Amino acid sequence: MTNAREYDVIVVGLGAMGSATLYHLAKRRIRVLGLEQFAPLHNRGSSHGDSRIIRETYFEHPLYVPLVQRAHELWLALEDASGKALMTVGGGLMIGPADGSVVTGTLRSAREHNLPHEILSSDEVAKRFPAFEIIGDLVAVLDPRAGYLDPESCTKAHIDLAARAGAATHFNERVQSWDAGRDGVRVVTTTSEYVAEKLVLSAGSWLNTLLGELQLPLEIERQTVSWFEPPEPAASYQSQRFPIYAYEFKPGVICYGFPEMAKGVKASVMHDGRIIRNAEEADRSVSDADVRPLRTALQDVLPDLSRSPVRDSTTCIFTNTPDHDFVIDFHPQHANVLISSPCSGHGFKFASAIGELQADLVSTGSSRFDLTPFRLNRLRKS
Ligand SMILES: Cc1cc2nc3c(=O)[nH]c(=O)nc-3n(C[C@H](O)[C@H](O)[C@H](O)COP(=O)(O)OP(=O)(O)OC[C@H]3O[C@@H](n4cnc5c(N)ncnc54)[C@H](O)[C@@H]3O)c2cc1C
C-alpha cells in the first residue's frame, strides 16, 4: 500500500476506554494514532454526563475489586499529571433488602478483600445523611472509599496528555474498515488509510459494526439520567452530607445518584432502558414517562428528591454483554487486534486501569490481572 501513514498501534474510538489506552501507549513512547468518528467529548456514546460512580466494594463480583483499586491509584496519578480535579471521594451507600444482591454482594466483596465498610440502619443513615429517609426494613452498607469521577475531564486529561506524549489524534474521522495479516493492520477511514502493527477496537456500542462476521451477542440499551432541583434544605444534598448511592428497589434492579453538582442532583435507574439496534437509533429526547420510574424508585430512600422538579435530562448508551461482565480479549483470528469496551453500564470507574492493562496486552501480550471473565469465548458459549 502506498501513502499510508505508519504507526505501531491504532486505537479506534476515543471514549473512556480508547482515550485511556491511547494515553498509556503514548506514555511508553509507542507510536499511536487515535481515531474518533465524532468531536472530542461528544454526547452520543457512553462516556458523557458530568459524573460516574466509583466504589471499592463491588456488589457485582469481588473479582472487580483489584481492578478498581488500581483504577483509583491511576485516577489520582492522572490528577497529578494533568493538574485537574477528577475524582471526589465522599463515601457511598449501597442500599437494599438485607438478603438482596446489592447488600449481600457488597458485603461479600468487602469481606473477601478486607475492605473498610459499615452496616447502617435506616435511623443511622438519617442521622448521618439527612436527605436520606430509607424505609424501615432496608439496610445500607457504607463504602467510605466510594465517590465519583468527572467523566468529561477524565477523558480530556487522557487525550491531552496522550497528545503531549506524542500520540496523534484524529477526530471526526470514522473508521470504515480494517484488515489484518501477520505483518500488521490496515485501517481505512472516511478520509485516509493507515497501517500499523496492532489495532485496538474500543468502539463502545458501535463495536459490532467493526467486527464483520465475528458478531458478539451485545445489547445496546438506551438510558436516561435526570438532574433534579435540590429540595430544601439544599445543604443536605451537597457532597459533604450526601454520598453517592445505589438502591436495589426491585430484585436485581437499582437506582443510583450523586450529590448536587452544577446542573443539580443527578439520579437514574439502571438497566430499565429500551433495547435498540444501534446508538444512532436512540431517541435523544427525554419525556415525563422516562422520569416516572425513577421518581417511584426514589420514594423509598429520598422522598423529597422524588417529588422535586427536573432541571435537565439526557440520554446515554449501555453496551451489555449477556452476563454483564466486560469484553477484553484478542480477536480469535487476529492476535494483533485487541477487542474491548463493552462494559454493560459499569465500566467508567475502571477506564484508567483498563487503559493501562490494554497497553500491557498490546505491548507485552499479557496483563497482571486475571482477564478470564472478560474473554470472548464465554460469549460464544452463552
Ligand atoms: C447513563 C450512564 C451511566 C453510567 N454510570 C456509570 C457509573 O456511574 N460508573 C461507571 O463505572 N460506569 C458507568 N457507566 C458506564 C461507562 O460510562 C461506560 O462503560 C464507559 O463510558 C464506556 O466507554 P467506551 O469507551 O467503551 O464507550 P464510548 O464512550 O461510547 O466510546 C466509544 C467511542 O468509539 C467511537 N467510535 C465508534 N465507532 C467508531 C468508528 N467506526 N470510527 C471511529 N470512532 C468510532 C465512538 O464515537 C465513541 O466515542 C454509565 C454509562 C451510562 C450510559
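## Burial of helix α1

In this predicted model, helix α1 is mostly covered, with 11 of its 12 residues buried. Here, a residue counts as buried when its relative accessible area is under 20%.

## Length and end of helix α1

Helix α1 comprises residues 16-27. The distance from its first C-alpha to its last is 17 Å, close to the 16 Å expected at 1.5 Å a residue. After the helix comes Arg29, which has a positive phi, near 65°.

## The three-stranded sheet

The model also contains an open sheet of 3 strands, arranged in the order β3-β8-β4 with antiparallel pairing. Strands β3 (52-54) and β4 (87-89) lie at the edges; each has a single partner strand, so one side of each is left without a neighbour in the sheet. From one strand to the next, the twist averages 25°.

The pairing of β4 with β8 (residues 147-149) is antiparallel and extends over 3 bridges. Within this region, Met87 is placed opposite Leu149 of β8.

## Helix α2 against the sheet

Which strands does helix α2 touch? Helix α2, formed by residues 65-82, packs on the sheet and touches β3, β4 and β8. The direction of α2 makes about 120° with that of β4.

Conventions: Residues are numbered from 1 along each chain as its sequence is written. This is a predicted model: local features need pLDDT of at least 70, side-chain atom pairs count only at pLDDT 80 or more; totals for chains, interfaces and linings use all residues. Side-chain values use heavy atoms; hydrogens and water are left out. Helices (H or I, at least four residues) and strands (E, at least two) are DSSP runs, numbered from the N terminus. The expected span of a helix is 1.5 Å times one less than its number of residues. Buried means under 20% relative accessible area, exposed over 50%, partly exposed in between (1.4 Å probe, protein chains only). Two strands pair if DSSP finds at least two bridges between them. Axes are lines fitted to C-alpha atoms, for helices over the stretch in contact, and angles run from 0 to 180 degrees between N-to-C directions. Contact means heavy atoms within 4.5 Å.
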